[in-house]
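Please keep the structure in view while reading.

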Amino acid sequence: MVPVRALSCPLLLFLLLGLWVAKIPINVKPTNTTSAQWFEIQHVQPSPQACNSAMGKINKDKKNCKNLNTFLHESFSSVATTCQTPSIACKNGRKNCHKSQEPMSLTQCEYTSGRYPDCKYKGKQLDAFFIVACEPPQEGDKKYSLVPVHLDDVV
């Protein structure tokens with residue numbers, strides 16, 4: 001009975017560690033970056049770029065291929081004005097989301113193949129409304145009363 005117990009403890013510990021590692025989110029923002037700055041890196045692209053090159057910077061910070069990412073082809077200030085529209089519920093139930101007042105040009109980049117750092121993407125151009133979660137700015141953010149920190153949806 002003792003040998004079975006000795007074998008099962010390391011196995012159990014290994015399995016628990018595997019479950020813990022699996023819960024680490026893939027889109028964690030880099031250190032020394034505010035949530036609004038990370039939003040801008042991930043989602044604001046005034047001049048459209050090909051997905052394969054545009055996703056390079058995002059994937060580099062995570063050292064992984066992100067499955068789906070949307071780039072808004074507007075300036076950060078234009079996206080930030082969306083935070084002044086009436087609050088609506090986000091997908092997670094919080095009431096800090098805001099919908100753009102009109103459709104905007106955007107590109108959705110969908111992962112198709114490859115392994116980091118050679119991730120391959122297919123791009124889809126759209127004109128659509130977007131919904132962003134907004135919060136008060138942090139130190140180092142641009143001066144707005146609220147800044148976008150999360151792209152909640154494209155509709």
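## The sheet

In this predicted model, 3 strands form an open sheet in the order 1-4-5, and their pairing is antiparallel. Strands (E, at least two residues) and helices (H or I, at least four) are DSSP runs numbered from the N terminus, and two strands pair if DSSP finds at least two bridges between them. Strand 1 (68-72) and strand 5 (120-128) are the edge strands, each pairing on one side only, and the twist from one strand to the next averages 25°.

## Pairing of the strands

Strand 4 (residues 104-113) is joined to strand 5 by 9 bridges, and Cys109 stands opposite Gly123 in strand 5. Between strand 1 and strand 4 there are 5 bridges, with Leu68 opposite Glu110 in strand 4.

## Cover over the sheet

## Confidence

The chain averages a pLDDT of 87, and 83% of the residues score at least 70; pLDDT is the predictor's confidence in each residue, from 0 to 100. Over residues 9-26 pLDDT stays under 50, and the model has 3 contacts beyond four places in sequence for them, a contact being heavy atoms within 4.5 Å. Where pLDDT is low, the predicted coordinates should not be read in detail.

## Basis of the values

Residues are numbered from 1 along each chain as its sequence is written, and side-chain values use heavy atoms, leaving out hydrogens and water. Local features need pLDDT of at least 70 and side-chain atom pairs count only at pLDDT 80 or more, whereas totals for chains, interfaces and linings use all residues.

Technical notes: Axes are lines fitted to C-alpha atoms, for helices over the stretch in contact, and angles run from 0 to 180 degrees between N-to-C directions.
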